[in-house]
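Dear colleague,

Please find the structure below, handed over for your files. My notes on it follow.

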Amino acid sequence: MGKYARGMILALLIAIPAYWLGKTFPIIGGPVFGILLGMILAGIKRPDIFEPGIKYSGKKVLQYSIILLGFEMNLYNVISVGASSFSVMIFTLLTAFVVALVVGRLLRLDLKMTTLVGAGTAICGGSAIAAVAPVIEAEDKDIAFSISTIFLFNVLAVFIFPFLGHWMGLSDSGFGMWAGTAINDTSSVVAAGYSYSNAAGDYATIVKLTRALMIVPICVIIAGIVIWSKKKAGGAGDSNFKVSRIFPWFILWFVVASIINTTGILAPSVSHFLGQAGKFFIIMAMVAIGLNTNLIHLLKNGVKPIALGFVCWFAVASVSLLVQHSIGLI
């Protein structure tokens, strides 16, 4: 942990005022202040020695914070929310891939780029892109462009979704379902959810974690298509695809934490403390993500990938609301 210490301490120190600001202005929330402060300070040149800890905080600390949130969750609620989100999720997944393929073709983008943006929008942002990339043998530039595109809209979602949710008068569960099925990356879902309300944050987190599990069947399907295509073309059909490598294991620990809380083994005060610690570490993770965000660089990556990402993002957000309305969830 030695090489991570400095970067983690930096993120922690910035997270403290972000947490205080979130308490003072709850309609904005600590996670939003965290990513804002991080983005503001990202323009200040810092020694490279901070980078390992900042990256660790943006990814691993976020995963640990989600596990801690499980200590305030009831397993029966987790199962109920996950099941109720499934129908909405199927429609948003199909929308993301269909729109990505159609619009990507109209924009004359490479199929690999189109697939990566579609997967990132459909499932869980950068994690899905990282999982799908080796399956389709994507080039580094395609991975970089697609991750940057998805991340740009993740950042925007943190600010726009809570505002739109309040404007539309969505309930906590309605907003949680919308955020969990329409925002790409787990970090942004959590940030937007808890910025709206604690109840919306809990709901959005469960929906998003259920959605993240779809990374496994989607990658299996894509791998099958790739292998079949290679065999049809006369190749060996080899693939380095392994389910264990792309499975989001932290979700299992989240479930374990919710089981522990449901059994009542821990005192309510202990469960509450662990859950609140998780919410603070979410702010710390948002700070780290903000510190690694260069919006000017993202915007320079190319107009076409950004256009594709925007259309997919808008389509998924719209379909999520339409499906919820049609089945009476909102």
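In these notes, buried means under 20% relative accessible area, exposed over 50%, and partly exposed in between, with a 1.4 Å probe and protein chains only. This is a predicted model, in which local features need pLDDT of at least 70 and side-chain atom pairs count only at pLDDT 80 or more, while totals for chains, interfaces and linings use all residues. Residues are numbered from 1 along each chain as its sequence is written, and side-chain values use heavy atoms, with hydrogens and water left out.

Helix α2 covers residues 30-42; helices are DSSP runs of H or I with at least four residues, numbered from the N terminus. Its buried residues are G30, P31, V32, F33, G34, I35, G38 and M39.

Helices α6 (residues 111-122) and α17 (residues 303-326) pack at about 35°, their axes lying 10 Å apart. Axes are lines fitted to C-alpha atoms over the stretch in contact, and angles run from 0 to 180 degrees between N-to-C directions. From α6, the contact (heavy atoms within 4.5 Å) involves M113, T114, V117 and T121; α17 contributes P305, L308, G309, C312, W313 and V316.

One salt bridge was found in a search of the whole structure, the term meaning a side-chain nitrogen of Lys or Arg within 4 Å of a carboxyl oxygen of Asp or Glu. R46 and E51 form a salt bridge, with 2.7 Å between the closest N and O atoms. E51 counts as buried at 18% relative accessibility, and R46 is buried at 16%.

With kind regards

How values were computed:
Helix = DSSP H or I, 4+ residues; strand = E, 2+ residues; numbered from the N terminus. Expected span 1.5 Å × (residues − 1).
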